[in-house]
Amino acid sequence: MDLSLSKEDLAIQSRARAFAEQHLFPHEIATDERKIKEKTLVEIRKQAIAHKLNAYNHTKKDGGHGYTPLQQVLICEEIGKATCGLWTVVFKASTPLKHGTKWQRETFLLPFNAGKGRSCYAITEKDAGSDPSYVKTKATKKKGKWVISGEKWFVTSADASSVVIVHAHVDGDPKKPTLFIVDKDAPGVKVKRIPQFMHSYVYEHYEMVFDKVTVDDNRRLGEVGQGFDLTKEWFTETRIEIAAHCLGAAIRATEVANHYAEERVQFGKPIRDFQAIEFMLADMAVEIMAAKSLLYRVAAEVSEGMDPKLVHARASAVKLYNSEMAGRVVDKALQILGGRGYMRENPVERLYRDVRVDRIWEGTSEIQRMVIGGQIKKRGLGIYTGWGG
Ligand SMILES: Cc1cc2nc3c(=O)[nH]c(=O)nc-3n(C[C@H](O)[C@H](O)[C@H](O)COP(=O)(O)OP(=O)(O)OC[C@H]3O[C@@H](n4cnc5c(N)ncnc54)[C@H](O)[C@@H]3O)c2cc1C
């Protein structure tokens with residue numbers, strides 16, 4: 001069993017680390033204070049290209065770099081160390097666009113992967129969260145065009161996007177979930193509200209209304225009824241990505257806490273010499289080791305061409321484990337830092353707020369457990385507890 005990273009893997013990892021440290025970390029406080037400037041974001045995007053990180057999850061043919069899933073995880077781990085969601089400035093086209101028509105690939109996929117335009121993804125609604133079959137956004141064909149009406153919640157990065165990929169039910173039929181690529185400035189697209197959240201994410205999460213928005217059939221992404229399958233493929237990929245961000249967040253918090261435990265003196269000795277602190281650091285290190293082993297193993301298996309059904313099953317496990325691990329580890333890091341860990345200027349305080357959503361978006365922890373429970377029933381416990389074979 002070869003567990004080592006190749007020379008190429010290590011080079012990509014070190015490029016991503018340098019990028020995060022030099023081009024993301026310095027802008028965290030401005031982002032937290034909602035003062036980051038557009039010209040800074042432009043510079044970060046330029047640097048993402050210079051470090052060959054844009055479109056990191058796409059093939060060369062699709063305008064990416066052809067990185068393996070393991071290499072993608074290494075990148076997400078490094079950029080995931082940055083707070084306030086700055087990792088999202090490293091742009092990439094939404095995964096389902098790769099399944100588009102020739103026109104859709106040329107108009108959206110390739111330019112978005114080069115940083116010209118961006119898409120956001122709108123599935124969730126007031127009454128459709130964990131269960132997207134309750135989506136009420138409806139698409140009806142009239143005189144050869146699609147008329148889309150409905151309301152979407154939590155549309156992440158909508159402010160930075162030129163198009164919205166809208167998950168709608170054709171004729172209001174939940175058996176016909178379908179994706180549509182809608183221009184953000186098309187007549188009938190309105191921003192209803194810009195709610196604020198626990199984290200200070202670099203972009204906004206809009207509530208949007210689609211009021212009889214009319215689009216040509218060439219804006220339909222995939223077949224009628226294929227929407228959920230395309231979304232599921234995207235979920236699988238983003239769940240692994242989130243697991244990698246969480247790993248990076250936990251490592252950064254632990255590094256800050258470890259350094260502080262070394263230099264902070266109370267009762268005449270460094271606090272790391274108190275067993276209470278040392279044991280916390282020990283638990284954090286072991287949690288990270290377990291999470292990293294799990295994530296790299298699954299990423300390596302995906303790189304070797306694992307059956308997509310198994311990838312879906314295991315992506316839920318890594319997302320569940322790593323997001324919950326990050327919550328536990330960052331909480332301990334904050335405790336080690338005492339009052340300083342509670343200050344917004346400390347990255348650990350920001351990570352504490354940042355990682356909470358990782359147990360909610362792209363499927364809550366409960367939904368991941370439902371997937372895992374269902375997979376155990378269908379394929380047997382061995383897909384999680386076994387090894388090989
Ligand atoms: C910051 C942020 C950004 C987001 N970005 C996007 C985005 O870009 N696009 C998008 O479409 N959506 C986005 N979302 C929405 C996100 O995917 C949903 O919040 C998530 O899927 C959960 O849905 P919900 O909030 O409606 O909770 P609900 O589904 O109402 O769940 C409420 C609670 O019930 C539990 N629950 C639900 N069903 C079950 C069950 N069967 N068994 C056990 N427990 C259950 C849940 O786990 C949760 O604890 C975002 C959310 C946030 C907070």
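## R369 and its partner

In this predicted model, R369 is partly exposed, its relative accessible area coming to 42%. R369 pairs up with E324 in a salt bridge, with 2.9 Å between the closest N and O atoms. This one ties together distant parts of the chain: E324 belongs to helix α8, while R369 is in helix α10 (residues 365-379), 45 residues apart.

## Other salt bridges

The overall count is 32 salt bridges. One of them joins the side chains of K145 and D216, at 2.5 Å from N to O. Here too, distant parts of the chain are linked, since K145 lies in strand β3 (residues 145-156) and D216 in strand β7 (residues 205-216), 71 residues apart. Both ends of this pair have some accessible area: K145 is partly exposed at 36%, and D216 is partly exposed at 35%.

Then there's D217, which forms a salt bridge with R220, their closest N and O atoms being 3.0 Å apart. D217 is partly exposed, with 26% relative accessibility. R220 has 19%, so it counts as buried, the cut-off for that being under 20%.

## T137, tucked into a loop

Look next at the loop between β1 (119-122) and β2 (138-142), and you'll find T137 there. T137 is buried, because its relative accessible area is 0%. Its side chain makes a polar contact with the side chain of E125, at 2.5 Å. Beyond the residues up to four places away in sequence, T137 also touches a run of others, including I148, S149, G150, E151 and K152, as well as V166, H167, A168 and H169.

What tends to happen to nonpolar side chains in soluble globular proteins? They tend to be buried together. In this model, the largest nonpolar core has 66 residues, and L295 and I336 are the ones touching the most other members. Helices supplying at least two residues each to this core are α1 (7-24), α3 (38-50), α4 (69-79), α6 (227-263), α7 (275-303), α8 (308-337) and α9 (347-354). The largest share, 13 residues, is from α6.

Zoom in on L295 and, once neighbours within four places in sequence are set aside, its contacts are V73, I240, A243, A244, L247, V318 and N322. Another core lies apart from the largest one, with 20 residues, among them I148, A186, Y206 and M208.

How values were computed:
Residues are numbered from 1 along each chain as its sequence is written. This is a predicted model: local features need pLDDT of at least 70, side-chain atom pairs count only at pLDDT 80 or more; totals for chains, interfaces and linings use all residues. Side-chain values use heavy atoms; hydrogens and water are left out. A nonpolar core is a set of buried Ala, Val, Leu, Ile, Met, Phe, Trp, Tyr and Cys residues joined through side-chain atoms within 4.5 Å. Buried means under 20% relative accessible area, exposed over 50%, partly exposed in between (1.4 Å probe, protein chains only). Helices (H or I, at least four residues) and strands (E, at least two) are DSSP runs, numbered from the N terminus. Contact means heavy atoms within 4.5 Å. A polar contact is a pair of N or O atoms within 3.5 Å; within protein, one must be able to donate a hydrogen and the other to accept it, and residues adjacent in sequence count only if both atoms are side-chain atoms. A salt bridge is a side-chain nitrogen of Lys or Arg within 4 Å of a carboxyl oxygen of Asp or Glu.
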